[in-house]
Amino acid sequence: MKKILNPRALAGALFAVLVLTAMPASAMTPYTYEYDVIRWTNIKRVDHDKTKVKAQSCVDRYAERQAAWMASHKELKHQRMQPIMDACGLSLVSENIAYGFGSGYRVVGAWMKSSGHRANLLNGKVRLIGVGAVQDDDGVWWVSQVFGRKQ
């Protein structure tokens with residue numbers, strides 16, 4: 001028996017795909033931005049024969065907190081790594097920060113062009129990731145990407 005597609009359902013599905021793929025940076029939410037950063041980080045890691053990193057709640061809390069701090073102070077600043085290591089039980093931790101990039105794709109691309117950020121992103125020893133992305137009152141994105149490895 002041949003299945004017939006409902007034209008309205010097909011049109012609705014096509015519209016949803018177009019909306020999701022054509023979403024302007026201004027319509028980006030913190031969740032979609034953060035997901036995008038993790039997704040593109042793992043794409044770059046796989047492209048360079050590195051293990052994918054997995055989101056982890058402890059390092060994510062620190063990334064979220066730092067992104068919020070930077071956005072509220074409008075200042076690009078690294079956080080101290082030792083508190084993250086202690087609180088999350090890590091033997092290794094690093095952080096990438098940025099502001100002004102409209103999507104996770106763009107910020108990961110910028111990090112890949114910077115030797116220090118690229119080294120953090122492609123470090124084969126890290127296994128965990130947390131990402132915070134916060135827009136300030138002017139609509140500028142502030143991002144913290146924290147990597148870690150359990151002891």
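Trainee: How many disulfides does a search of the whole structure find?

Mentor: The search finds one disulfide, a term for a pair of cysteine sulfur atoms within 2.5 Å. This is a predicted model, in which local features need pLDDT of at least 70 and side-chain atom pairs count only at pLDDT 80 or more, while totals for chains, interfaces and linings use all residues. Residues are numbered from 1 along each chain as its sequence is written, and side-chain values use heavy atoms, with hydrogens and water left out.

Trainee: What makes the link of C58 and C88 a disulfide?

Mentor: The S to S distance of C58 and C88 is 2.0 Å, and the definition asks for sulfur atoms within 2.5 Å, so the pair qualifies.

Trainee: Why is C58 called buried?

Mentor: Its relative accessible area is 9%, and buried means under 20%, exposed over 50% and partly exposed in between, with a 1.4 Å probe and protein chains only, so C58 counts as buried. C88 is buried too, with a relative accessible area of 3%.

Trainee: Which strand does β2 (residues 90-99) pair with, and how do they run?

Mentor: Strand β2 is joined to β4 (residues 141-150) by nine bridges, and the two run antiparallel; pairing requires that DSSP finds at least two bridges, so they qualify.

Methods
Helices (H or I, at least four residues) and strands (E, at least two) are DSSP runs, numbered from the N terminus.
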